[in-house]
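I open the notebook on a new model.

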Amino acid sequence: MARYITSIEAFEEAKKHIPGGVNSPVRSFKNVGGNPLFIASAKAAKVYDIDGNEYIDFVGSWGPMILGHSHPDVILAIQKAAAKGTSYGAPTLLETEMAMQIKKMVPSIDSVRMVNSGTEATMSALRLARGYTGRELVVKFEGCYHGHNDSFLIKAGSGALTHGTPDSPGVTRGTAESTLTAKYNDLDSVKQLFDRYGEQIAAVIIEPVAGNMGVVVPEKDFLQGIRNLCTKYGSILIFDEVMTGFRVARGGAQERWGVIPDLTTLGKIIGGGLPVGAYGGKQEIMDKLAPKGPVYQAGTLSGNPLAMAAGLTTLKILEQNAGFYDMLETKAARLENGLKKCLADLDFPGVINRVGSMFTLFFTDEKQVRSFDDVMRCDTNQFAHFFKYSLDNGIYLAPSQFEAGFVSGAHTDRDIDKTIDAGYNALERLKK
Ligand SMILES: *Cc1c(COP(=O)(O)O)cnc(C)c1O
């Protein structure tokens, strides 16, 4: 391919060879219109497209890049590991070190299994929960995303207390029937399911801070209420911390909210930008996994040395850098406050939800966004314009209203202030 190719030309070419031109759908800009940027490289808080443009990046590869792109220590660790061979399919010291590091940072985890993606982590955790309890039903929440495994590609059935229906062709009705859906921040909707199906519920899976419908903050007592129901009925509580793990606090949302799950799924940050997932939790449950126990799960490349090197280096930096999360909080608050002031100055309706370095600007007339229904009332057309205007101003946001933005340790105050100025400019254009 010629070096002078543009993103537009590159997308046309890619579409001939890759379904929709992309290897993950939301990358295609389908939700906002326009042409996706083809990225040539990334460094610290910036990404550079093949057209020669520079952007301040708030996608951060959808979460992993909490240290910023191409962190020198992470790159060095990958290079060192690569020089020793890229995969052996046999145990390495790095894997034990990784497991110890995870346990130190997430104390509810007694034992942890590495996999290759968040999807694999949630899929495997659900199988384990079912194997451990001998039950089949799983409760998920509308608007939460747990990867593309069949059991989670389910939407609410018609009417309360019904089993789910497939949210994608190819998911069988049989699978849908073992997934129940409840409403985020609505403990009663969970109680009703337990009243009716309690003894059959193997697990409840939840994003403890919702990030995949845009950021929605769990209300006081919601998570603890779910914990109590799971304990009462002997169901496994799975916190899907693929996004929130090592993001909203060193120990994830469970640390921040003080609610302890039985199993935790991890991904994104844990791989330092390489493909990694993990799931872990109580010893008694994890002991049911093969080869120790009867629940089967395996992976040719699981615990891959390059991935372990990148992830472990990232986690150690997060653990050892005492002020890191306070620094992120300060930067993200600066962005939130700046954007709030833009909205106020322009008398523009909108809601910003933020937890630590995760945030979403919702285009809505509502005063708050606390449920999936609130999220669904947002003006996606307005968002699409805001997205495009931001891109024109050198700000790269996730190309959908229903996503989180991420501030990294590499964003400078200057980057944040430029983003606020760009936001003001974009909102002003939107008003016209
Ligand atoms: C991203 C994400 C997943 C899926 O992870 P992949 O690595 O994309 O398979 C699962 N759960 C949550 C909460 C996520 O944010």
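In which hand does helix 3 pass helix 10, left or right? I find a left-handed crossing of helix 3 with helix 10. A crossing is left-handed if the near helix is turned anticlockwise from the far one by less than a right angle, and right-handed if clockwise.

Ground rules first. The model is predicted, and local features need pLDDT of at least 70, side-chain atom pairs count only at pLDDT 80 or more, and totals for chains, interfaces and linings use all residues. Residues are numbered from 1 along each chain as its sequence is written, and side-chain values use heavy atoms, with hydrogens and water left out.

**Entry: helix 3 and helix 10**

I looked up the angle between helix 3 (residues 93–105) and helix 10, which is about 30°. Their axes are 10 Å apart. Axes are lines fitted to C-alpha atoms, for helices over the stretch in contact, and angles run from 0 to 180 degrees between N-to-C directions. Helices are DSSP runs (H or I, at least four residues), numbered from the N terminus. The two helices are therefore roughly parallel (under 35 degrees; over 145 is roughly antiparallel). I then listed the contact (heavy atoms within 4.5 Å). Helix 3 brings residues including Leu94, Met98 and Ile102, and helix 10 brings residues including Leu312 and Leu315. By class, I get ten nonpolar, two polar and five charged residues. Here Ala, Val, Leu, Ile, Met, Phe, Trp, Tyr, Cys and Pro are nonpolar, Asp, Glu, Lys and Arg are charged, and the others, Gly among them, are polar.

**Entry: helix 2 and helix 10**

Helix 2 (residues 72–83) packs on helix 10 (residues 305–320) at about 150°, with axes 8 Å apart. They are therefore roughly antiparallel. This crossing is right-handed. The contact divides into ten nonpolar, two polar and one charged.

**Entry: the ligand**

Which residues are around the ligand? I count a residue as near if one of its heavy atoms lies within 4 Å. Among them are Ser117, Gly118, Tyr145, His146, Asn212, Asp240 and Lys268. Next I checked polar contacts, meaning N or O atom pairs within 3.5 Å. A ligand oxygen is 2.9 Å from a polar backbone atom of Gly118. A ligand nitrogen is 3.3 Å from a polar backbone atom of Tyr145. For Asn212, a side-chain N or O atom is 3.0 Å from a ligand oxygen.

How values were computed
A polar contact is a pair of N or O atoms within 3.5 Å; within protein, one must be able to donate a hydrogen and the other to accept it, and residues adjacent in sequence count only if both atoms are side-chain atoms. Angles under 35 degrees count as roughly parallel, over 145 as roughly antiparallel, 65 to 115 as roughly perpendicular and the rest as oblique.
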